[in-house]
Structure formats: C-alpha cells, structure tokens
Amino acid sequence: ARNFNRDIMSNIVVKDSVKTFDQNHSISFNPVSNFNSNFSKGRTFDYWRNTETSYSEAISSGIRFSFLKLLDPISINLSTSYRETKDVSMLSVDSTANRNISSSTNGSINASFNLSNTMLKLVSFIPIKSVKDTTGKTFSNKVKDRLNNFIRSFQPLSFTYTVSDNYALYRVTTRPPWEFRYGLSRDYLPDSGMAERFSNSFSRQYSFSTGFSILNASVSIRGSIGNTINKAYVSKRYTKNLRWPDISINNLRIQNKYTSKVFSSITASFSYSTTTQSSGNFGNQPDNISTTKIINPSLNFILKKGINGRIDYYYSAADTKDTRFGDRIQKNRDHRLSLNPSYTISPGGQIKLPGVDKVLKLKSSLQLTSNFQWSRSIQSTVTGNREVKVRDNTNYNFDLGGNYSVTRDITANIGFGYRRYVDNLSKRYNSTTSFGISVNFNF
C-alpha cells in the first residue's frame, strides 16, 4: 500500500509507504539446565524506498549455581541490545536518512546467604544442657528450643548488584562496529565535532534484604545504595541514592483480655523508610539534596458483632535543598487517613425499621460498606529564615453503600457519597454530594 499527501500551498508531495519486509532470527543455546543464552537479530526493509528502516541485535545469557551450600543460589545475568531506526516518512525516493541508534548493556549478580543454617550450626556449639526431671528422664531445654525456632524463621540474606549502561547517538551516517553494538566499547563518535548528538547514562545499584518472624509477626529489612552518571553533550551530572532504613512489620496479632471483649481479631502492620538522594555536576559537591521519610501504620480488625474493617495512616515528609539558584529548601508534608468498615447481614437476619414498630426479615444477604478518607498536603519554601506556604489543601471523602440480592438474578444497589475540598490558604472550598440507586437484572 502506498499513501501520497500533497501540500497545496508548497506543492510538496509526501510519500509514505507501508510496503515493508520484516526479518527476525533467534538462536538459543542451553547446554545444561543452569545455563542459558540467546541471540536475536531483526531487520525491517522498506521496498518502496529500497532502504533498511530498522535494525536490531540482542544477546543475553545467565547462569545459576551454589557455593558450599552457603550461597544458594547465585545467579549471574548479562544482556546487551542494539537498535537503530530511520525516520523516512518525510523523505523522497532517492534521498537517504541518518540513523538514530541506541545500545544498552545490563548485568546483575544475585546471591542468597542461608542465615538460618549457619546460625543453627553456631548455636549447636553453645553449651546449653538438657533438663532432667526427678525420675531421670531427659527433656530438651526450652530456651534452646525457642532460640532454634527463632533462628529457623530467618529468611535468606539476599544481595543484588546491578549495572546498566545506556548509550544513544543521533543522525549517524554509518553503522558502528560490533564492539559498540555489543557494549564492549563506547569510543564511537563518527561525526567529529558533533558531540551534542550523543547521550549516555551509567548506573550501579547495590541492595540487600532479609527478614525473620517474632511474636507471630514477620519482620522485613531492606536497604539499597546506588549512583548514576548522565552525560549529554558537555553536561555531566551524577546522582547518588541511599535507601536505609527500610523496615516493615506485618501481621502482628494483638490479643489480650481487654481487646478480646470487643474484637474477635486485631492485626497490625507498620512500615518505615528513609530515602536520601543527592545530585550535582561531576567532580563537584552536590547542589541538590533531598530526604524523604515515610511512615505507614495500619490496623485490621473484626468486631464481636461481625463488623470488620481497616484503618490506614500514611505520612510522608520530603525536604529538598537546592543551591543552584541560591539556598532554598522545599518542604512537602502529606497525611492520609482512611477507615473502611463493612458489615454483612446473613439471610434470615432482622432489621428493625426506625419510627415504626416493625421488623424486616431478610431473605438474602445484605452487604453494607463504608469508606472514609481524609488527606492533607502542605508544601512550603524556606529561603533564609523565612518559610512561606505554597500549598495547603485538605480533602474529605465519605461513601456509604449497600448491596442486596432480591433474587438469584436481581440485585439492588444503593450508594451515598460526599466530597469536600478545602484550600486552607485562600479559605475557599467546594463540595459535592451524590446519591444513587440501581437494579441489575441478569438474564
């Protein structure tokens, strides 16, 4: 198929062809179960212009093994890809197009250290004696049993190292050599004096994670550190990031004689993390530093009367200091609170109608849901000793809903909603109220 567009004012004809031929080849080599490799190559040829419009190559390989049963598993993965494209939509038949090319190389090493097995072997050397009763019967030591159970709950200590190198060149006349295409060399700039036509991003990241169980709760500990260098023409900037600590506690059961009178079950979760990021011109001190702290506690509960729900609170504090245009600090504070109770009345349940001495007996289940959300977002700028609020907004959302199955094929829904937005700086607000009833017929 061929498309022709003529601009009447300039009398220029633009020809666009979709008569192309795509070629894709792929070879896999897996000599053993823990090793794999793949090579692929692709090409698109435009027969209308008699030119190649895209070309790609990719190589990937990976291996997985263990070391003395301590580091199990260890995995190493490498991949590189090359791609070039030509924009020929605005070209005539006898003209040529330069290439826009990109090359990406990625590598990663993952290792898991079996903490529990190693610690159990160390504990076995501790002289904790068994207990004997008056009859001479031997019992295991409770302290040692609890210690062993705690150690067995440890998750493997996982380490990950990743590296990524991305390179791009624009309006290139010739295809670069295989060393560049496969990421072995980056010394390729065919257009001398046209350094503004390239960009490069190189990043490295180290991370670890582990966890354990205690008091019927699971604890996860994570952390990461990394850096990135970005080049574009004469600009060369770096970015460093650190995420530590990053701790979460999940499914902590709260059971005592006081809560058991009201609640059938209560589980709590909590997470806390701090992220620091700094950036600047390469070789100089950072000119932009930001720190973000996030706290997120939550509570799931079921009341004795059958009402279940979740309470969730989220708090984020971010401070960014920028010295490129004078010393200035930007502060962001975000609060979010949500409450989501729900209640289900089983078939045969009774509802006492208000104002009349009458009880309604349900033939099907009635599901009642509600959702309350409150949030506040504050942004301020500090210059010198003066702090000025730039934004201070508050949102309220409240929803009530009910679902009732009249018959197997007919369901009824009712809903009520209220929204309110307040600009605390200008003291202006707007609110909306909604109400709806729907009946669904299933045929």
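Phe150 is partly exposed, with a relative accessible area of 28%; here buried means under 20% relative accessible area, exposed over 50%, and partly exposed in between (1.4 Å probe, protein chains only). The model is predicted, so local features need pLDDT of at least 70 and side-chain atom pairs count only at pLDDT 80 or more, while totals for chains, interfaces and linings use all residues. Residues are numbered from 1 along each chain as its sequence is written, and side-chain values use heavy atoms, with hydrogens and water left out.

The structure holds nine aromatic pairs. Rings of Phe, Tyr and Trp (its six-membered ring) pair if their centres lie within 6.5 Å; planes under 30 degrees apart count as stacked, over 60 as edge-to-face and the rest as tilted. The rings of Phe150 and Phe212 are edge-to-face because their centres lie 5.6 Å apart and their planes meet at 70°. Phe150 belongs to helix H2 (residues 142–152) and Phe212 to strand E11 (residues 198–214), so this pair ties together parts 62 residues apart in sequence. Helices (H or I, at least four residues) and strands (E, at least two) are DSSP runs, numbered from the N terminus. Phe212 is buried, at 18% relative accessible area. Ring pairs also link Phe150, Phe154 and Phe212 into a cluster.

Phe208 is partly exposed, with a relative accessible area of 26%, and Trp244 is partly exposed at 45%. Their ring centres are 5.8 Å apart with planes at 45°, so the pair is tilted. Phe208 lies in strand E11 and Trp244 in strand E13 (residues 235–253), so the pair ties together parts 36 residues apart in sequence.
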